[in-house]
Amino acid sequence: MGRRTRLLIALALAAAGAAVAAAGTMLVAVPVPTVTTSGTAAIGGPFTLAATNGETVTDQTYRGKWLLIFFGYTFCPDACPTALNNISVALEKLGSDAGKLQPLFVTVDPRRDTRDAMSDYLKSFDSRIIGLTGSQTQIDSVVREYRVYVAQQKSETGSDDYVVSHSAYIYLMNPEGKFVNVIQGNEAGDEIAAWLRKEMTRSKR
């Protein structure tokens, strides 16, 4: 079983787990689904969100660019800053090839992640990373399109001090908006850069 197949299976399992959790059902065992890897996986789709650069953007806004998308939130204790830092390193390693990419950080916590909050948070990372937020309905829609696992943990204090569990994959979409592959966010920046070069080169064949 190849790396891409394993990652696609993990995405499918995460989506299935999210659906079960949302229904309030006790999860006992989840059978491994059949994943077809021929052709393009049904991941990705149209969206309309608010960008940290002040624009309202859609999936069409970035046509012609490779999209590198990570889903997370600004209060994330470890996975998000790690992934964003690794993406920042990868962009530096890519040199001029980074100009072919548009990295995006899409919040899974729009209640707290306003446009200003995301803009301030992203100042700690590469300036080419654009943050995207929106209404809860808009975020729920894009989360479903990309099969992202998201589950808010209840706060004992009933305040805004809560944690959001989420999958931590970096998605690569081609310039036509089609899904290409995923890589884990905790991969080192050098590894992400090498992976991107490989995937982008492969598409030219």
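**Close-up views of a predicted model**

**View 1. Strands E8 and E9 form an antiparallel pair.** Five bridges join strand E8 (residues 169-173) to E9 in the antiparallel sense. The structure shown here and in the other views is a predicted model. Within this pair, Tyr 169 lies opposite Gln 184 of E9. The hairpin of E8 and E9 has five residues between the strands, and Gly 177 adopts a positive phi near 85° in this hairpin. Strand E9 (residues 179-184) is mostly covered, with five of its six residues buried.

**View 2. Helix H2 and the elements that cover its buried residues.** Helix H2 (residues 79-94) contains 16 residues, which at 1.5 Å a residue should span 22 Å; the C-alpha atoms at its ends are 22 Å apart, in agreement with that expectation. Buried residues in H2 are Cys 80, Ala 83, Leu 84, Asn 86, Ile 87, Ser 88, Ala 90, Leu 91 and Leu 94. Their cover includes E3, strand E4 (101-107) and helix H3 (115-121), together with strand E7 (164-166), E8 and helix H5 (189-202). After H2 comes Gly 95, which has a positive phi, near 60°.

View 3. Asp 59 counts as buried because its relative accessibility, 11%, falls under the 20% cut-off. When residues up to four places away in sequence are not counted, Asp 59 touches Gly 45, Pro 46 and Phe 47.

Key. Residues numbered from 1 in each chain as written. Predicted model: local features only at pLDDT ≥ 70, side-chain atom pairs only at ≥ 80, totals over all residues. Heavy atoms only, no water. Buried < 20%, exposed > 50% of the residue type's maximum accessible area, 1.4 Å probe, protein only. Contact = heavy atoms within 4.5 Å. Helix = DSSP H or I, 4+ residues; strand = E, 2+ residues; numbered from the N terminus. Pairing = 2+ DSSP bridges. Expected span 1.5 Å × (residues − 1).
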